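Work through the exercises below with the sequence and the model at hand. Each task is followed by its solution.

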Amino acid sequence: MSAVEDKTRAAEAALEFIEDGMTLGLGSGSTADIFVRLLGAALESGSLNNVKGVPTSENTARVAREAGVPLIEVDQADKIDVTVDGADEVDGRFRLIKGGGGCLLREKIIAHASDLMVVVVDETKLVESLGAYALPVEVDPFGFTITAKKVYDALTAAGVVRPDVKLRCRGDGNDPFVTDGGHYILDCACKALADPEQVAARLNAIPGVVEHGLFINLARAVIVGEDDGARVLEL
Ligand SMILES: O=C(CO)[C@H](O)[C@H](O)COP(=O)(O)O
């Protein structure tokens, strides 16, 4: 079965968490997009009613509009009941690396504000320990070379051996990738993160770091799309 089919199975199973009248955080990335489209179809068919979404990226907002999912401004949401989002890596304690699509800041704000975060992935995202995927760190453009050195030092101090910290660029060019919030992304190839909590704490202490892609203590359910269905894991 292809990754797209597995992602679709996970997204279908996530609909089971949604009830009429809910306000939803809409994650970003290909799996979250599939969920948003399925949500639009459920609203159109009437199997779900009166659901509103808070998108975590401009792209997700566009997909939601195309799918007919009503959106509200983030600051108009009294509460967010459930957020459904993808991930780049998920470990056995539901710690995540996110930000492959560069939307980690808004994704984390919305996940943190939600009563429940549900993660939708295919099996390839499940890992024994985090770190094979380069950790995205969102930074302010002002002084980003200084910040990049501080990020390198923080990773090294947290036990990462010779991390490779690279500014994310658009396509194949040399122009920096700019997030929806106007920031840059440093992709930090670490190979392994022995102590994700320590890495998170050290990155949080750097002034130019806006946010990082370690999502710890946020996800409460992980839905894994597989060949023959979807496995729902809950903490
Ligand atoms: O964190 C993200 C975007 O910032 C995505 O959720 C993550 O990259 C997974 O994407 P996909 O579902 O396309 O594999």
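Two strands pair if DSSP finds at least two bridges between them. Helices (H or I, at least four residues) and strands (E, at least two) are DSSP runs, numbered from the N terminus. Residues are numbered from 1 along each chain as its sequence is written. The model is predicted: local features need pLDDT of at least 70, side-chain atom pairs count only at pLDDT 80 or more, and totals for chains, interfaces and linings use all residues.

**Exercise 1.** Find the order of the open sheet of 3 strands, and state its pairing.

Solution. The order is 4-5-11, and the pairing is antiparallel. Strand 4 (89–90) and strand 11 (214–215) are the edges, since each pairs on one side only. Next, take strand 4 and strand 5 (residues 96–97): they are joined by 2 bridges and run antiparallel. Within this pair, Glu 89 stands opposite Ile 97 of strand 5.

**Exercise 2.** Describe the surroundings of strand 3 and its bridges to strand 1 and strand 6.

Solution. Start with burial: a residue is buried if 20 or more other C-beta atoms lie within 10 Å of its own, exposed if 12 or fewer, and partly exposed in between, with C-beta atoms placed from the backbone. In strand 3 (residues 80–85), 5 of the 6 residues are buried. Strand 1 (residues 23–26) runs parallel to strand 3, with 3 bridges; here Leu 24 has Val 82 as its bridge partner. Strand 6 (residues 114–122) is also parallel to strand 3, through 5 bridges, and Thr 83 stands opposite Met 117 of strand 6.

**Exercise 3.** Which residues come nearest to the ligand, and which helices supply its shell?

Solution. A residue is near a molecule if its C-beta atom, placed from the backbone, lies within 6 Å of it. There are 18 residues around the ligand, and Gly 29, Ser 30, Gly 86, Gly 100 and Gly 101 come nearest. Helix 2 (30–45) and helix 4 (104–112) each supply at least two shell residues; the largest share, 3 residues, is from helix 2.

**Exercise 4.** Does the overall size of the chain agree with or depart from that of a compact globule?

Solution. The radius of gyration is taken over C-alpha atoms, and the globule rule is 2.2 Å times the number of residues to the power 0.38. For 235 residues the rule gives a value near 18 Å; the chain has 17 Å, which agrees. The C-alpha atoms fill a box of roughly 55 × 35 × 35 Å along the principal axes. Of the 235 residues, 49% count as buried.
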